[in-house]
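Student: I'd like a close look at a single part of this one. Could you walk me through it?

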Amino acid sequence: MFTGIIEGLGAIAAIQPTGQGRRMVITSDFDLKGTRIGDSIAVNGACLTAVTLQDRQFSVDVSPETLQRSVLGKIKIGERVNLERALRLSDRLDGHLVSGHIDGMGVLRERKTLANAIIITYAVPASLARYMIEKGSVAVDGTSLTINRCDNNTFDVSIIPHTASLTTIGLKKVGDPVNIETDMIGKYVERFVVGGRSPDSGETDAKGRIDMAFLAKSGFI
């Protein structure tokens with residue numbers, strides 16, 4: 001698990017094909033003291049496992065699924081990436097609960113300045129937008145952000161200069177792809193409501209979902 005609070009940036013130092021997957025070598029801008037082989041590190045929001053580690057450089061194996069679903073499939077040597085090591089139980093949860101499992105990709109559609117903030121609009125497939133609500137949480141390239149506005153295909157976020165300077169958000173241009181992880185709570189709610197099971201019997205109700213009639217009959221409303 002992660003918080004979406006980026007520790008620092010890194011750069012892709014090497015990319016090596018491994019069958020249908022890839023091994024990527026990443027150089028971190030910050031000290032990786034305390035990190036061990038086998039630890040999870042979010043790279044642009046994608047949870048990956050450190051398989052080698054030396055000083056500030058580590059390597060990760062990226063599966064075909066991750067390459068297909070995230071921007072890591074298009075990333076190039078030298079490109080900057082957001083890095084965050086896994087959450088410890090003793091840490092403050094300053095962002096929101098982020099799994100590091102990328103749901104899909106979005107595209108930076110527009111950016112404009114408003115006072116001391118940068119307002120960024122991202123375009124996303126409707127399959128991702130359905131899990132977004134105004135003032136809800138979203139992770140963009142692993143960065144925990146608050147949604148200011150959303151519709152069926154876009155959402156807006158407001159970025160302060162501090163966030164822009166410490167993450168890749170400040171480097172992205174219009175048209176650039178980004179990793180998107182929606183709030184996990186919304187996905188579980190949909191699973192229970194649309195394809196849920198009766199909490200007492202474990203069986204799917206007659207309509208294959210938990211609807212208002214089912215909740216009333218069960219005494220929830």
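Student: How many bridges join strand β9 to β10, and how do the two strands run?

Tutor: Four bridges join β9 (residues 137–140) to β10, and the strands run antiparallel. Before going on, a word on the source: this is a predicted model, where local features need pLDDT of at least 70, side-chain atom pairs count only at pLDDT 80 or more, and totals for chains, interfaces and linings use all residues. Residues are numbered from 1 along each chain as its sequence is written, and side-chain values use heavy atoms, with hydrogens and water left out.

Strands here are DSSP runs of E, at least two residues, numbered from the N terminus, and two of them pair if DSSP finds at least two bridges between them. β9 and β10 make a hairpin with two residues between them, and Asp-141 in that turn has a positive phi of about 50 degrees.

Ala-139 is a handy place to look: its bridge partner in β10 is Ser-144, while in β12 its bridge partner is Glu-181.

Now over to Thr-143, which sits in β10 (residues 143–150). Thr-143 counts as buried because its relative accessibility is 3%; buried means under 20% relative accessible area, with a 1.4 Å probe and protein chains only. Leaving aside residues up to four places away in sequence, Thr-143 touches Gly-4, Ile-6, Asn-82, Val-138, Thr-163, Thr-167 and Ile-169, where contact means heavy atoms within 4.5 Å.

Terms used: Buried < 20%, exposed > 50% of the residue type's maximum accessible area, 1.4 Å probe, protein only.
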